Amino acid sequence: MHLDYFQLIDRILDLNMDEKTIAVEAQVPKESTIFEGHFPGYPIMPGVLLIETMAQASGWLVLSLLKFERMPFLAAVKEAKMRGFVRPGEVLTVEAKLVHEGSGYAITDARIKVGSKLRCNSTIMLTHVPFPDPALRGHMDAVAKRIGFPQQALLP
Amino acid sequence: MSSTFDQVATIIAETCDIPRDTITPDSHAIDDLGIDSLDFLDIAFAIDKAFGIKLPLEKWTQEVNDGKATTEQYFVLKNLCTRIDELVAAKSAGAGAGT
């Protein structure tokens with residue numbers, strides 16, 4: 001996780017375009033100023049950042065399904081449940097599955113596990129629009145390369 | 001079997017917490033019921049699921065923005081229900097083709 005840049009996904013583990021699922025990995029930093037306040041003596045990952053992590057995993061899934069032609073943005077979070085604490089240094093497996101593809105929006109079910117234990121889950125709604133700026137498209141291409149996006153998934 | 005309007009009105013009432021008896025076929029979803037674009041996405045999702053269709057919201061929005069259609073054509077509920085019925089019929093016709 002690059003918390004300072006709000007880039008929370010480290011690596012794509014699996015992308016299944018047929019099943020419309022994605023699994024990614026994200027390691028919580030062992031140290032961050034966030035943990036100095038949240039909380040002193042008992043550092044845990046803020047729930048909002050876990051939600052953002054699920055949203056970013058969902059975003060990569062939708063971006064893939066849209067063949068990088070449109071950019072997804074977080075629109076709504078439904079039924080988010082924080083089921084257990086996430087501590088500094090833990091390695092998260094984030095999974096998302098597309099449950100509905102609407103006109104200009106998509107809905108996923110996403111969850112975060114540490115090992116085999118479910119730590120949180122939510123339904124995520126994303127809207128998507130044509131890339132509003134070429135710089136953003138270039139940035140997403142660069143991040144895709146960094147996190148090991150499987151380019152062959154975009155082949156017809 | 002409830003009518004398309006009854007189903008849509010129930011969806012709107014439950015999704016947006018609007019009293020069911022204030023929702024009529026002549027209600028404009030935006031102007032009369034005060035539904036914003038994000039809430040309308042929730043409604044579209046529920047309608048898509050309930051009727052097994054995909055409301056072409058982007059196409060409608062583009063037509064309105066281009067001045068080729070009015071919001072009344074798509075967002076007055078009786079008109080919305082007509083569109084839904086057309087989409088359901090088109091889907092049924094497509095599903096039956098070649099069988």
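Across all chains, the structure holds 6 aromatic pairs, where rings of Phe, Tyr and Trp (its six-membered ring) pair if their centres lie within 6.5 Å. This is a predicted model, so local features need pLDDT of at least 70 and side-chain atom pairs count only at pLDDT 80 or more, while totals for chains, interfaces and linings use all residues. Residues are numbered from 1 along each chain as its sequence is written, chains are lettered from A and ligands numbered from 1 in the order in which they are written, and side-chain values use heavy atoms, leaving out hydrogens and water.

**Aromatic cluster in chain A**

- Trp60(A) and Phe68(A) make a tilted pair, with 6.3 Å from centre to centre and 50 degrees between the planes; planes under 30 degrees apart count as stacked, over 60 as edge-to-face and the rest as tilted.
- Phe68(A) also pairs with Phe149(A): the ring centres are 4.9 Å apart and the planes sit at 70 degrees, so this one is edge-to-face.
- Phe68(A) is in the loop between helix H2 (47-65) and strand E3 (70-82) of chain A, and Phe149(A) is in the segment after helix H3 (134-146) of chain A, so the pair ties together parts 81 residues apart in sequence. Helices (H or I, at least four residues) and strands (E, at least two) are DSSP runs, numbered from the N terminus.
- Put together, Trp60(A), Phe68(A) and Phe149(A) form one aromatic cluster.
- Trp60(A) and Phe68(A) are both buried, and Phe149(A) is buried as well; buried means under 20% relative accessible area, exposed over 50% and partly exposed in between (1.4 Å probe, protein chains only).

**Where chain B meets chain A**

- On the chain B side 11 residues are in contact with 13 residues of chain A, contact being heavy atoms within 4.5 Å.
- The two chains bury about 960 Å² between them, with carbon and sulfur atoms giving 60%; that is the accessible area (1.4 Å probe) that two parts lose on being put together, summed over both.
- Within chain B, Leu41(B), Phe45(B) and Glu58(B) lose the most area to chain A, together 50% of what that side buries.
- The rule finds 2 salt bridges across this interface, each being a side-chain nitrogen of Lys or Arg within 4 Å of a carboxyl oxygen of Asp or Glu.
- Arg70(A) and Glu58(B) form a salt bridge, and their closest N and O atoms are 2.3 Å apart.
- Helix H2 (37-51) and helix H3 (57-65) of chain B are the elements giving two or more residues to the side that touches chain A, and H2(B) supplies the largest share, 6 residues.

**His128(A), a residue touching both chains**

- His128(A) sits in strand E6 (residues 117-130) of chain A and is buried, at 6% relative accessible area.
- A polar atom of the His128(A) side chain lies 3.5 Å from the backbone nitrogen of Tyr105(A).
- Leaving aside neighbours within four places in sequence, His128(A) is in contact with residues including Val62(A), Arg70(A), Tyr105(A) and Glu58(B).

**Thr4(B)**

- Thr4(B) belongs to helix H1 (residues 4-16) of chain B and counts as buried at 14% relative accessibility.
- Its side chain makes a polar contact with the side chain of Asp85(B) at 2.6 Å. A polar contact is a pair of N or O atoms within 3.5 Å; within protein, one must be able to donate a hydrogen and the other to accept it, and residues adjacent in sequence count only if both atoms are side-chain atoms.
- Setting aside neighbours within four places in sequence, Thr4(B) is in contact with Phe51(B), Cys81(B), Ile84(B) and Asp85(B).
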